[in-house]
Amino acid sequence: PLGVGGEESPSYGGSIGGDICQPSTKAVKSGEVAGEVALPSVLIAVELDLGAAGTATLTVAPWHTRSDFDGVVQGFLEKHRVKLVFIQALVKYLEEVEKQAQTFPMKVKANLSDIHSVYG
């Protein structure tokens, strides 16, 4: 089972011809300019328990597609000095997280050994 973080996704709603004179009651998030929507820099973030190597966050950017997952995962594993035997299991896990996501950005926590036992 995948856990869904409580992080809100940015709002892109509203009609083009809306009442622009009415002041907004929404707080502007850091990094946003009033009147502009900041696109998230992370599409998927997996806080991953790597066992003896500690915990690290594997991130997928909005411009990454499923075909990029292999490279993203390999770079993450190399950076954290984790055996590359976990690539395919992590890629399958990312595909599953993406498929089950109802909103983005998606934040989840996972354990590498659990992922490997399910997807490896």
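Which helix does L77 lie in? I looked it up, and L77 lies in helix α1; helices here are DSSP runs of H or I with at least four residues, strands are E runs of at least two, and both are numbered from the N terminus.

**Ground rules.** I am working with a predicted model, where local features need pLDDT of at least 70, side-chain atom pairs count only at pLDDT 80 or more, and totals for chains, interfaces and linings use all residues. Residues are numbered from 1 along each chain as its sequence is written, and side-chain values use heavy atoms, with hydrogens and water left out.

**Entry on L77.** I checked whether L77 is hidden: L77 counts as buried because its relative accessibility is 0% (buried is under 20% relative accessible area, exposed over 50%, partly exposed in between, with a 1.4 Å probe and protein chains only). Setting aside residues up to four places away in sequence, I found L77 touching V82, K83, L84, F86, I87 and L90 (contact means heavy atoms within 4.5 Å). L90 is 13 residues from L77 in sequence, and their C-alpha atoms are 9.8 Å apart.

**Entry on the core.** Next I looked up the largest nonpolar core, which has 28 residues, with V46 and L48 making the most contacts inside it. Such a core is a set of buried Ala, Val, Leu, Ile, Met, Phe, Trp, Tyr and Cys residues joined through side-chain atoms within 4.5 Å. At least two core residues come from each of β1 (44-49), β2 (55-60), α1 (69-79), α2 (87-100), β3 (106-111) and α3 (112-119). α2 gives the largest share, seven residues. I also listed the partners of V46 beyond four places in sequence: A56, T57, L58, Y93, L94, V108 and A110.

**Entry on the strands.** I followed β1 to both of its partners (strands pair if DSSP finds at least two bridges between them). β1 and β2 run antiparallel, joined by six bridges, and D49 has T55 as its bridge partner in β2. The two strands form a hairpin with five residues between them, and G51 in the turn has a positive phi of about 75°. With β3, β1 pairs in the parallel sense over six bridges, and there E47 stands opposite K109.

**Entry on two helices.** Last, I looked at α2 and α3, whose axes come within 9 Å and cross at roughly 90°. So α2 is roughly perpendicular to α3 (the class for 65 to 115 degrees). On the α2 side, A89, L90, K92, Y93 and E96 make the contact, and on the α3 side L112, I115, H116 and Y119.

Key:
Axes fitted to C-alpha atoms, helices over the stretch in contact; angles between N-to-C directions. Parallel < 35°, antiparallel > 145°, perpendicular 65-115°, else oblique.
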